[in-house]
Amino acid sequence: MKKFSLILGAFLLTFQTAIADEGMWLLPLIQKLNADALKKAGLKISPEDIYSINKSSLKDAVLIFGGGCTGEVISKEGLVLTNHHCGYGTIQRLSSMEHNYLHDGFWAMSRQEEIPAPGLNVTFIDRMEDVTAQMNEVLKNCTTEAERAKAIAATGDEISQKAVGDNPYLRGRVTSMYGGNTFYLVVTKTFNDVRFVGAPPSSIGKYGGDTDNWIWPRHTGDFSIFRIYADKDNNPAAYNPSNQPYNPVKHLTVSLAGVKEGDFNMIIGQPGRTTRFMTSAEVEEQRDITNEIGVYVRTIRQDIMQADMLADPKVQLQYASKFSGSSNYWKKWTGMSETFAKLDVVNRRAREEQAFETWVAADPARQAKYGKAVSDINSAIAGRRDIRYQQTYLSECLNNLEIVSFAGRMARLLPVLEKGDPKEIETFINGNRGAIDNFFENYNQPTDRKVCVAMIKLFADEVDRADQPSFYQIIRDQYKKSVDAFVNDLFGKSFFATPAKLDAFLQHPSAEALKNDLAFMVYTSISQKAALLAAQVVPFNELASQAQRAYIAGTLEKNQGKALYPDANSTMRLTYGHVKSYTARDAVDYKFYTTHRGVLEKENFNWEFELPAGLKELILKGDFGRYANEKGELPVCFINNLDITNGNSGSPVLNAKGELIGAAFDGNWEAMSADVIFEPELQRCIAVDIRYVLWVIDKFGGAGHLINEMTLAK
């Protein structure tokens, strides 16, 4: 308990020197940590207006959208705003060649036209509370990392179950902070009836595509609109035509006042993952393995996908979401490694470690607690290097063979078939019909064939023969080392290759036939190799985990009184700062906002900058209405110096009064190392201006009724 008190004490002192633009702050602590700093920065409401468990507050209008993004409620009838790229996968699944909502956009002109989105949900945070004392009471008796992990899971479940009681709509989970030094209970409520209401075409919502991704200046209308539905008592419920629009505890007021340089901004959202306590060895591992291999492999796979997508509109629709998800991280990793070098991140981290070790060496008590932290991290990273290398190639190459991954989804059928109960077999097959149909609807076999050949060859070239999955021996023995011949048989013989073949198998399924299917054999081979690597890496990961926990605890103790917030871990956070221009490099100064002029200037730069005719006509007419700024310009995007990462996409950007002024959607290229280290002079959050959002809805989409149900600030 003494250790916990020391850590908590260090954390509670952070408010004394908190930097307004850096930090992803836990909402339950902003009253203690940030109240004074927020007021000095320009906040005009109270911390309790942001987070409260006793009354409605801004946190009640913010939600987790689909598991990986943030969204916000913008009307008293459950209307939700998020990014276009957050809704992208759902919009793609709802589209067809006859109704291509990605290409054409969509606006529901009535509630009856709103489209159910199966599989999509949104989650609200009910409350968060510190449960470190309860967890540590159990963890103090653990002697190994395995015991600790088991105790965390069991005790976390107990705490969660007690917190939600018999409430069927609430869920609890316990999550760790500061490398496992503190723990928080997060209680949530999830709604599963979410319907698609509207989105601009991708030529607006994804304007600039990969060319502009992670780049400022930006001219992207990155937004989409959904609605939450609930049962007659306003509780979560499965989709039912009789469900009613959700009446939220809180919805955001929308401001058309816009932004100017120096304005206070804040964001409430769900940042996914940062690693701000990374050591130099961990940065090198990120750069040399995760980033380098990921970029190398994805470049090859994406080139194949993109060529087929550009050649066929149907493939373009089928692979739009797959390509977008892959390319986003491909470009992020590219930029991250580039900024690691430009900003000397490895050496900066090494200097921090040296200072830490000097501080530790000055006190015998510190040596006992933290003396081996850095050396143990280095040993773990070095020990697992080859394993992580293999794991990354396995994940990036072989886990992305669609026919093989699809066969793997049916692996749960094998024990059912071996048991032999006809009713269970029928139940399993019927229960997976939807997933099977969805796979083939979004699948192009010629594309997958090309990817399979390229990825299987690439893995063989980059990973030693002795470390390859067993199916490579089949290629060598039975196909005379010809990957092309093997892939031909893979698609020619496997019943996972076409709907007709799979349907024929499911009419008379057998365990023997499934085990002998070539795609299933490849899946089994890859899975066995993955399991072996996972077992081999355990001791190194356990050593790293223990050492990181000590290093972070020591860092907190060493830096008492300084701003040391916990890393992002998909829990709700507050970040705040100001609208701010920046100097990107010598003689290159970027203004804080973009306008309609830039939209036109970028048109037809390449195929990712094609404007819909209707939008261009409206811009040329200057028909901006009440959405223009004081200069008569139509604002499109703006930047601030707030601290965000993946998961913040779709987060509300709020002004000093807590009013919605935009939706965050990206970071900037010059600070791509942001997940590891904050760069105050360079780091910027890019947001779409709410005025551009409303203008597109109203003037371009003709869906002014959606704006009529919003609350606009006077």
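**A walk through helices and strands**

Mentor: Ile377 is buried, with a relative accessible area of 0%, where buried means under 20% relative accessible area, exposed over 50%, and partly exposed in between (1.4 Å probe, protein chains only). This is a predicted model, in which local features need pLDDT of at least 70 and side-chain atom pairs count only at pLDDT 80 or more, while totals for chains, interfaces and linings use all residues. Residues are numbered from 1 along each chain as its sequence is written, and side-chain values use heavy atoms, with hydrogens and water left out.

Trainee: In which helix does Ile377 lie, and which residues is Ile377 in contact with, leaving aside its neighbours within four places in sequence?
Mentor: Helices (H or I, at least four residues) and strands (E, at least two) are DSSP runs, numbered from the N terminus, and Ile377 belongs to α15, residues 373-396. Contact means heavy atoms within 4.5 Å. Once neighbours within four places in sequence are set aside, the contacts of Ile377 are Thr279, Glu282, Ala547, Gln548 and Tyr551.

Trainee: Does Arg384 count as buried or exposed, and at what relative accessibility?
Mentor: Arg384 also has its place in helix α15. Not counting residues up to four places away in sequence, Arg384 touches Glu285, Val537, Phe540, Asn541 and Ala544. Arg384 counts as buried, because its relative accessibility is 7%.

Trainee: How do the axes of helix α16 and helix α25 cross, and how many nonpolar, polar and charged residues does their contact have?
Mentor: The axes of α16 (residues 402-409) and α25 (residues 518-558) come within 8 Å and cross at roughly 85°, where axes are lines fitted to C-alpha atoms, for helices over the stretch in contact, and angles run from 0 to 180 degrees between N-to-C directions. That makes α16 roughly perpendicular to α25, since angles under 35 degrees count as roughly parallel, over 145 as roughly antiparallel, 65 to 115 as roughly perpendicular and the rest as oblique. The contact is made by Ile403, Val404, Ala407 and Gly408 of α16 together with Ala519, Phe520, Val522, Tyr523 and Ile526 of α25. With Ala, Val, Leu, Ile, Met, Phe, Trp, Tyr, Cys and Pro counted as nonpolar, Asp, Glu, Lys and Arg as charged, and the others, Gly among them, as polar, the contact has 8 nonpolar, 1 polar and no charged residues.

Trainee: Which residue in strand β15 is the bridge partner of Ile268?
Mentor: Strand β15 (residues 573-578) is mostly covered, with 5 of its 6 residues buried. Two strands pair if DSSP finds at least two bridges between them; β1 (residues 25-26) is joined to β15 by 2 bridges in antiparallel fashion, and β14 (residues 264-269) is joined to β15 by 6 bridges, also running antiparallel. Within β15, Ile268 has as its bridge partner Leu574.

Trainee: With which side chain does the side chain of Lys602 make a polar contact?
Mentor: Lys602, in helix α26 (residues 596-602), is buried, with a relative accessible area of 15%. A polar contact is a pair of N or O atoms within 3.5 Å; within protein, one must be able to donate a hydrogen and the other to accept it, and residues adjacent in sequence count only if both atoms are side-chain atoms. At 2.7 Å, the partner of the Lys602 side chain is the side chain of Asp212.
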